[in-house]
Structure formats: C-alpha cells, structure tokens
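Subject: Structure handover and notes on helix packing

Dear colleague,

I am passing on the structure below, and after it you will find my notes on what was found. Please read them with the structure open.

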Amino acid sequence: MNMGSTSSSTLPLSKLEFPSLNPRRIRKKLTTSTPFGFGLSNLSRNTTTGLSLSTGHYYAIRCCLDNSSNVGVIEDPAKDSSPPQVQVQTSTWNWRGYSIRYQYAGSSGPALVLVHGFGANSDHWRKNIPVLARSHRVFSIDLIGYGYSDKPNPRDFGVNSFYTFETWASQLNEFCVDVVKDKAFFICNSIGGVVGLQAAVMEPEICRGITILNISLRMLHIKKQPWYGRPLIRSFQSLLRNTAVGKFFFKSVATPESVRSILCQCYHDTSQVTEELVQSILLPGLEPGAVDVFLEFICYSGGPLPEELLPQVKVKFLNLIPIIMSPYLSRVMFFFG
C-alpha cells in the first residue's frame, strides 16, 4: 500500500454554490473571522474547493486536498432523474480482539471514512453514504464503545483510561490500513472531529485530508474549567461515574422522548428528526455496556483540545461549522485552515 506523505498548506476557496441562499449574506459571513483565528486571508488560490447545498440538505463536497487527486464532484440528487442504485453493506472488523461494525459502499474513486459524533454511530450517515458512494469508496465506522461495536467495560482497564481520543484515533488509522487498505479522507462530526485530527497527527501518511462538521470544542476539558469550579465538576463527575446516580441519569435520557427532544435542538429542520433517526440513535445506546461508556466519556476531562491539534495537522482540511448541528446542513458558516 502506498501511503505518501502530504504537505501542510491552506485550502483555497474559489466557488460556493448556494441555490437557496442569498449570495450577499454568504459573502458577508465568509469575510468574518473564525473562532480559531482563521479567515479567508489564509486562503491560497492554486486549488479549487467548492460546496453545494440544495433544498437545505448537505449533499456534495468538491475539494482538491492534495497534489495527487481530487475528491471529486457529487451532483445534486434532485437533478438526477434516475440516480444509480448504490448498495450499502454492513460488516464487522476484528480490532485488537474487539468486534467493530462498519458500513461501506462504492467501488471506485478516493476513499472516504465517515466518523460519527458523541452518542451516535455509522447509521447517522445513512443518507450520505449512498450519495457519496456514487463516485467514492465510502466507509462509515462505529467507534469502539458506540453503535454496534463492542463496549468493553472501562473499569477493566484500571486507572488507565480506555475511551480516549488516542484510542479512537488508533482505531481509525488501523481501520484504514486493515479494511480500507488505502489512504483516506476523513469526514468527521462532533467528537469525531477530534478523533480525525488526532488520527491525522499520529499517522499523517494515512490521512489525505479532513472535513470537519461542527467539531466538539470540549468545553468540560480541565483546561477550560474555571479554577474555582474544578472541585465541584470533579465531584459531580465522580458521583455520576461511581454511584447509582449516573445510571439513573442515563436512564432518564435514554428514552425516545428525550432523544427526540435533544435531536430537535440540534436539527434546524426538525422534520428530519424522524422515528427512524430516533431509533437509530437510541437502540445502540440500550446495548449492554453502553451506559458505562456514556458515563466514562462525560467524566473524561483530559486528552487533546481541537485548537491544540489544528496547528499540528500536516494535511489540508476543510472545516464546516453549522450554526445548528446536523449532517444535513441548512445554514452554514465556513472557515478554512
């Protein structure tokens, strides 16, 4: 397998296609600064990147991320009267003795690996995979501890934390080596964005480029906690993790009503919060071991911060920060780094 290195540079912006949005408003948004200090002044002009949004749904990305290939163009499904049928298949991968579920589709083109966010799984990409697979080899993975992947008890590892971004980044990189068998572009949502960045820092020769959607800023990280609040936060986390209070809390949120309510706060277009979506999030969360993983992660205040990882990334990346988190973006502001 040839995994050549990539050079570090910024992505240019030459075209944005928003059929349903006001170009003046888009132009105004693009000229503003970003939370990480990147603006359009960082952009070079020797490559082409574009994004198309239609009818409020995120359906295509076009970007040239390295010197060897182009991610390609995925046309708006609404414009294709007879789109080809793409079969999405499900399989398992044995990773260090654990069973990992993943989904895949497409037989040609660059490899894309989709990485879900907190509490989600590969089914969250169910509407994206068939469209992306028309011109790409697409893989969507359940991170260990989530979805229908194994959920080893975190207490079995003693004082050493198992559910960390380093663990998930290693899983992602080894997935590319063992299953994808190629370098890949990472498309990541929420905490999956931190996983993708960590993976790219650890093994830059595996990652060809990264697209990040609404990355988690990890506001409960120890470095972001006010000094006077740290003892209280630490005590509360210990209460959740080590007493019945945590399981009671999990039981209160692991219901169809609670999941639907949370998703309606995340999705600008709440009509997308269907029973299918609710069940795809809820059911894996009721699997044995899911509650322990949930409590372990919300008590995880260490590890990397995205703003610390960004300067270390050696590949080019495209960051999409939706105003309201959703894989089907209705309103978006952009920055490139």
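Is helix 3 mostly covered or mostly uncovered, and how many of its 16 residues are buried? Helix 3 is mostly covered, with 12 of its 16 residues buried, where buried means under 20% relative accessible area, exposed over 50% and partly exposed in between, for a 1.4 Å probe and protein chains only.

Before going further, please note that this is a predicted model, in which local features need pLDDT of at least 70 and side-chain atom pairs count only at pLDDT 80 or more, while totals for chains, interfaces and linings use all residues. Residues are numbered from 1 along each chain as its sequence is written, and side-chain values use heavy atoms, with hydrogens and water left out.

As an overview, the protein has 10 helices and 11 strands, these being DSSP runs numbered from the N terminus (H or I of at least four residues for helices, E of at least two for strands). Of its 337 residues, 51% count as buried. Among contacts between residues at least 6 apart in sequence, 73% join residues at least 24 apart, a contact being heavy atoms within 4.5 Å.

Helix 3 spans residues 165-180 and has a kink of about 25 degrees centred on glutamate 174; the bend at a residue is the angle between axes fitted to the seven residues ending there and the seven starting there. The buried residues of helix 3 include Phe165, Trp168, Leu172, Phe175 and Val179. Just after helix 3, lysine 181 takes a positive phi of about 55 degrees.

The axes of helix 3 and helix 4 (residues 191-202) come within 8 Å and cross at roughly 70 degrees, with axes taken as lines fitted to C-alpha atoms, for helices over the stretch in contact, and angles running from 0 to 180 degrees between N-to-C directions. That makes helix 3 roughly perpendicular to helix 4 (65 to 115 degrees; under 35 is roughly parallel, over 145 roughly antiparallel and the rest oblique). On the helix 3 side the contact involves Phe165, Glu166, Trp168, Ala169, Ser170, Leu172 and Asn173, which meet Ile191, Val194, Val195, Gly196, Gln198, Ala199 and Met202 in helix 4. By class, this contact has 9 nonpolar, 4 polar and 1 charged residues, counting Ala, Val, Leu, Ile, Met, Phe, Trp, Tyr, Cys and Pro as nonpolar, Asp, Glu, Lys and Arg as charged, and the others, Gly among them, as polar.

Helix 7 (residues 256-266) and helix 8 (residues 275-285) pack at about 110 degrees with their axes 10 Å apart, which makes helix 7 roughly perpendicular to helix 8. Pro256, Val259, Arg260 and Leu263 of helix 7 make the contact with Glu275, Leu277, Val278, Ile281 and Leu282 of helix 8, and these residues divide into 7 nonpolar, no polar and 2 charged.

For helix 6 (residues 244-253) and helix 9 (residues 290-298), the packing angle is about 105 degrees and the axes are 10 Å apart.

Finally, proline 154 is found in the loop between strand 7 (137-141) and helix 3, and it counts as buried at 4% relative accessibility. Proline 154 lies 139 residues from valine 293 in sequence, yet their C-alpha atoms are 7.0 Å apart in space. Leaving aside residues up to four places away in sequence, proline 154 touches Tyr163, Asp292 and Glu296.

With best regards
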